[in-house]
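Colleague: I would like to learn how to read a model like this one. Can we start with the ligand?

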Amino acid sequence: MALPAPRHVCQECGAVHRKWAGKCDACGAWNAIVEEAARAKAPGGLKPGRKTRGPSLAFEGLQGASADVARLQTGIAEFDRVTGGGLVPGSAILVGGDPGIGKSTVLLQVAGALAKRGIATAYISGEEAIDQIRMRARRLRILDAPIMLAAATDVGEIAGALDVHEPPGAVVVDSIQTLHVDSLESAPGTVSQVRGSAQELIRLAKARGFCLLLVGHVTKEGLIAGPKVLEHMVDTVLYFEGERGHQFRILRAVKNRFGPSDEIGVFEMTDGGLMEVPNPSALFLSDKQDDGSLVSGAAVFAGIEGTRPLLVEIQALVGPSAFSTPRRAVVGWDSARLAMVLAVLEARCGLSLAGRDVYLNVAGGLRVAEPAADLAVAAALISSVLDQPVTEHTVVFGEIGLGGEVRAVGQQETRLKEAAKLGFIRALAPKQRKDGMRVAGIEAREIKRLADLVALFENAAGRKRGS
Ligand code: TYD
Ligand code: MG
């Protein structure tokens with residue numbers, strides 16, 4: 001039998017090339033192509049030579065008798081919320097995030113909570129020794145939880161322990177990048193190893209009905225390392241976000257076959273592990289001045305994260321630049337989106353921003369992805385340029401179009417209600433979709449065009465100067 005030809009696989013995107021090249025044609029990454037031995041046997045440990053004849057595929061209707069499976073709840077409400085109400089037996093969950101953000105911590109806490117509830121739970125670490133895990137468990141005060149610990153990296157060995165009649169109800173594997181399948185020759189962490197290991201474990205989880213929780217490392221671009229296919233293979237993908245300097249951590253569901261995606265769980269990192277923050281809506285507001293007014297350059301955005309409203313302070317600083325190319329630095333928001341808002345302010349509202357440095361920051365280490373934040377970002381920028389604070393107790397939201405128009409966004413009523421609950425009395429918002437929709441306690445000012453918002457600030461600044 002001829003030896004299988006070596007394959008050259010891009011470690012960024014998983015594309016297979018006939019020969020080595022410096023740059024991957026598929027994704028444009030440099031120095032990412034690595035020679036890997038071709039698979040010696042079918043992926044996922046499927047037995048070769050399966051029968052092609054025999055009983056044919058039996059189709060079934062949608063209303064078959066599938067018992068409603070009971071989800072495994074951890075009792076950590078924020079975690080149960082992101083998973084859509086608990087872990088589904090037989091499903092696979094991938095948890096990604098920057099190094100040191102708290103993936104191992106949260107999963108050990110989850111394992112401890114499940115074990116304490118009488119669900120047999122295994123925690124398999126390829127990164128840490130048993131002693132290190134014990135030390136962490138002591139810190140987390142879950143030493144009394146009957147977790148089954150193991151340090152292993154060989155998928156065959158792990159599968160052997162789990163492919164039994166009564167496997168644990170939940171299995172944590174930390175991390176998928178440390179595992180290796182013997183039949184593949186490439187090093188652990190390469191695309192084919194990650195894919196092969198995940199396939200084998202996911203297949204086993206489905207066959208044996210346990211819930212698989214995988215930790216995945218992220219690349220410097222913030223994506224889960226290894227092929228994107230890993231995200232396709234699992235049922236749920238959670239990202240753990242947060243700024244290392246801040247104590248808040250956000251667990252965000254970016255994909256969930258068993259619940260809403262874009263749901264978030266909010267935690268606080270303490271010296272006793274991650275504590276849940278059940279009412280995070282006011283968490284991302286900075287300490288305001290006593291009368292509720294903000295300094296110029298800040299605006300409060302009434303956002304929605306998952307199913308929950310969340311008020312977030314957006315801060316901007318616009319100043320003269322010392323460089324020939326002005327700096328544009330963004331933390332917590334999309335820089336392309338900032339460039340767009342700046343362009344619209346410049347082209348449609350006559351605000352001169354060329355030659356100025358722009359810094360934008362979302363307070364508290366949150367990442368905002370909603371286009372509804374456009375108007376709040378614009379308000380913070382205009383406020384900084386004109387040195388005119390946003391009126392006190394005011395929230396802002398709305399999407400900005402390239403023509404300078406302000407578009408309605410989803411769940412406007414929910415946003416306003418949350419703002420009212422937290423003591424805000426005014427809103428700068430797009431036209432309400434439903435006529436006559438009023439939220440008690442909030443005076444919503446309709447902003448049709450971005451230029452109207454600029455005029456609002458200019459008038460206020462003019463009045464201040466005039467008085
Ligand atoms: P860890 O879970 O090891 O991160 P990851 O697995 O994502 O790489 O978290 C490590 C960080 O969390 C570390 O910097 C210390 C901090 N930490 C606490 O602040 N309190 C704690 O109780 C624990 C266990 C960790
Ligand atoms: Mg870890």
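Modeller: Begin with the shell around ligand 1: helix α2 gives the most to it, with three residues. Helices and strands here are DSSP runs, numbered from the N terminus (helices: H or I, at least four residues; strands: E, at least two). This is a predicted model, in which local features need pLDDT of at least 70 and side-chain atom pairs count only at pLDDT 80 or more, while totals for chains, interfaces and linings use all residues. Residues are numbered from 1 along each chain as its sequence is written, chains are lettered from A and ligands numbered from 1 in the order written, and side-chain values use heavy atoms, with hydrogens and water left out.

Colleague: Which elements each supply at least two residues of that shell?

Modeller: They are α2 (103-116), α3 (130-139) and β11 (264-270).

Colleague: And which residues come nearest to ligand 1?

Modeller: A residue is near a molecule if one of its heavy atoms lies within 4 Å of it. There are 16 residues around ligand 1, and Gly100, Lys103, Ser104, Thr105 and Thr270 come nearest.

Colleague: How do the residues of the shell divide into nonpolar, polar and charged?

Modeller: Sort them by type. Ala, Val, Leu, Ile, Met, Phe, Trp, Tyr, Cys and Pro count as nonpolar, Asp, Glu, Lys and Arg as charged, and the others, Gly among them, as polar. Here, four are nonpolar, seven polar and five charged.

Colleague: What lies 2.6 Å from an oxygen atom of ligand 1?

Modeller: Think of polar contacts. Each is a pair of N or O atoms within 3.5 Å; within protein, one must be able to donate a hydrogen and the other to accept it, and residues adjacent in sequence count only if both atoms are side-chain atoms. At 2.6 Å from a ligand 1 oxygen we find a polar side-chain atom of Thr105. A backbone N or O atom of Gly273 lies 2.8 Å from an oxygen atom of ligand 1, and one of Ile101 lies 3.4 Å from an oxygen atom of the ligand.

Colleague: How much of ligand 1 does the protein bury?

Modeller: Accessible areas come from the Shrake-Rupley method with a 1.4 Å probe; for residues, only the protein chains shown count as cover. Taken alone, ligand 1 exposes 560 Å², and the protein buries 74% of that.

Colleague: Let us turn to rings. How many aromatic pairs does the structure hold?

Modeller: Rings of Phe, Tyr and Trp (its six-membered ring) pair if their centres lie within 6.5 Å; planes under 30 degrees apart count as stacked, over 60 as edge-to-face and the rest as tilted. The structure holds one such pair. The ring centres of Phe240 and Phe267 are 6.3 Å apart and the planes stand at 80°, so this pair is edge-to-face. It links distant parts of the chain: Phe240 is in strand β9 (residues 236-241) and Phe267 in strand β11, 27 residues apart.

Colleague: What lies over the face of Phe397?

Modeller: A charge sits over a ring if NZ of Lys or CZ of Arg is within 6 Å of the ring centre and within 35 degrees of the ring normal. Over Phe397 it is Arg415, at 5.5 Å from the ring centre.

Colleague: Now the backbone. Which residues have a positive phi without being glycine?

Modeller: Asp387 has a phi of about 50°, and His393 has one near 50°. Asp387 is in the loop between α8 (374-386) and β17 (394-396). His393 is found in the loop between α8 and β17 too. At 27% relative accessible area, His393 is partly exposed.

Colleague: Where is there a cis peptide bond?

Modeller: Look from Asp174 to Ser175, where omega is near 0°. Ser175 is in the loop between β7 (170-174) and α5 (191-208).

Colleague: What does the side chain of Thr121 reach?

Modeller: It reaches the backbone oxygen of Ile119 at 2.8 Å. Thr121 lies in strand β5 (residues 121-125) and is buried, at 0% relative accessibility.

Colleague: One last case. How many residues apart are Pro89 and Cys211 in sequence?

Modeller: They are 122 residues apart in sequence, yet 4.8 Å apart in space, C-alpha to C-alpha. Pro89 is in the loop between α1 (77-82) and β4 (92-97).

Key
Buried < 20%, exposed > 50% of the residue type's maximum accessible area, 1.4 Å probe, protein only.
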